[in-house]
Amino acid sequence: MATVYEIVQGLSQAAANAYDGAMTEEGEPVKAGLKREEGNRLIDKRVMDGFNVKFHGNIMRLSYMSEVTLKEVYASGFESEVESQMNEIVKFLKKEARKITGTTPSLTKQGEIDIRVENSSRVRSWVTACLEYKVGGMEEVAVVGEATEDKLAAGWEAFMKQGGLGTRPKNDKRPKNSGDKK
């Protein structure tokens, strides 16, 4: 069984291996399930898209960003298309993490996809989608938001019992309220 460090390192390295222009050992372009990999790079318009992974306890947050046209946004099935795009990215992450660590990570979808479409003009629009996955094998990690044991409480209480707040040290020879006189 892989450690938490190995799981996170494998998934993070898998995401890092999907940069634009990445090549496999055989010299073929890496297929991470992104739109920019489709078509001919020389004659087709380049589509800007990419993804990012973040870890919060035993949860991996996958974020996807892509340029879209308003025609695509208003077409039926836009949300399912974005979700299928993210599923392709998850397949790539699992396959690549297996190459790196030797074990396939277990990713279980948590909740629904969060899709946000923004535009900067009538021509430029982009979509940002986020989806959270529970990572299997990371049970010993503290879940963000849960109550934890306060390890500093005992030391803090001992410090406060020593007093000193509002009292002056024995070697202080200044007259009282010396800060008020100038």
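This is a predicted model: local features need pLDDT of at least 70, side-chain atom pairs count only at pLDDT 80 or more; totals for chains, interfaces and linings use all residues.
Student: How many helices and strands in the protein?
Tutor: There are 4 helices and 4 strands. Both are DSSP runs numbered from the N terminus: helices are H or I with at least four residues, strands are E with at least two.

Student: What pattern do they follow along the sequence?
Tutor: The order is α-β-β-α-α-β-β-α.

Student: How much of the protein is buried?
Tutor: Buried residues are 29% of the 182. Buried means under 20% relative accessible area, exposed means over 50%, and partly exposed is in between, with a 1.4 Å probe and protein chains only.

Student: What share of contacts join residues at least 24 apart?
Tutor: It is 61%, counted among contacts between residues at least 6 apart in sequence. Contact means heavy atoms within 4.5 Å.

Student: On to helices. How do α1 and α3 pack?
Tutor: Helix α1 spans residues 4-16 and helix α3 spans 78-101. Their angle is about 120°, and their axes are 8 Å apart. The axes are lines fitted to C-alpha atoms over the stretch in contact, and angles run from 0 to 180 degrees between N-to-C directions.

Student: Why call that pair oblique?
Tutor: Under 35 degrees is roughly parallel, over 145 roughly antiparallel, 65 to 115 roughly perpendicular, and the rest oblique. α1 and α3 are therefore oblique to each other.

Student: Which residues meet there?
Tutor: From α1, they are E6, G10, L11, Q13, A14 and A15. From α3, they are F92, L93, E96, A97, I100 and T101. That contact divides into 7 nonpolar, 3 polar and 2 charged residues.

Student: New topic. What is in the largest nonpolar core?
Tutor: It has 32 residues, and those with the most contacts inside it are L11, F51, M60, L62 and L93. Such a core is a set of buried Ala, Val, Leu, Ile, Met, Phe, Trp, Tyr and Cys residues joined through side-chain atoms within 4.5 Å.

Student: Which elements give two or more residues to this core?
Tutor: They are α1, β1 (49-56), β2 (59-68), α3, β3 (107-119) and β4 (125-135). The largest share, 8 residues, comes from α3.

Student: Now Y133. Buried or exposed?
Tutor: Y133 is buried, at 4% relative accessibility. Y133 lies in strand β4. Leaving aside neighbours within four places in sequence, its contacts include M60, L62, N87, V90 and L107.

Student: How far is Y133 from R61?
Tutor: They are 6.3 Å apart, C-alpha to C-alpha, yet 72 residues apart in sequence.

Student: And M65, where is that?
Tutor: M65 sits in strand β2. At 33% relative accessibility, M65 is partly exposed. Beyond four places in sequence, M65 touches M48, D49, G50, W126, V127 and T128. The C-alpha atoms of M65 and D49 are separated by 5.4 Å.

Student: Last one. Where is R124 found?
Tutor: R124 is in the loop between β3 and β4. R124 is partly exposed, with a relative accessible area of 44%. Not counting residues up to four places away, R124 touches E67 and N119.

Terms used
Residues are numbered from 1 along each chain as its sequence is written. Side-chain values use heavy atoms; hydrogens and water are left out. Ala, Val, Leu, Ile, Met, Phe, Trp, Tyr, Cys and Pro count as nonpolar, Asp, Glu, Lys and Arg as charged, and the others, Gly among them, as polar.
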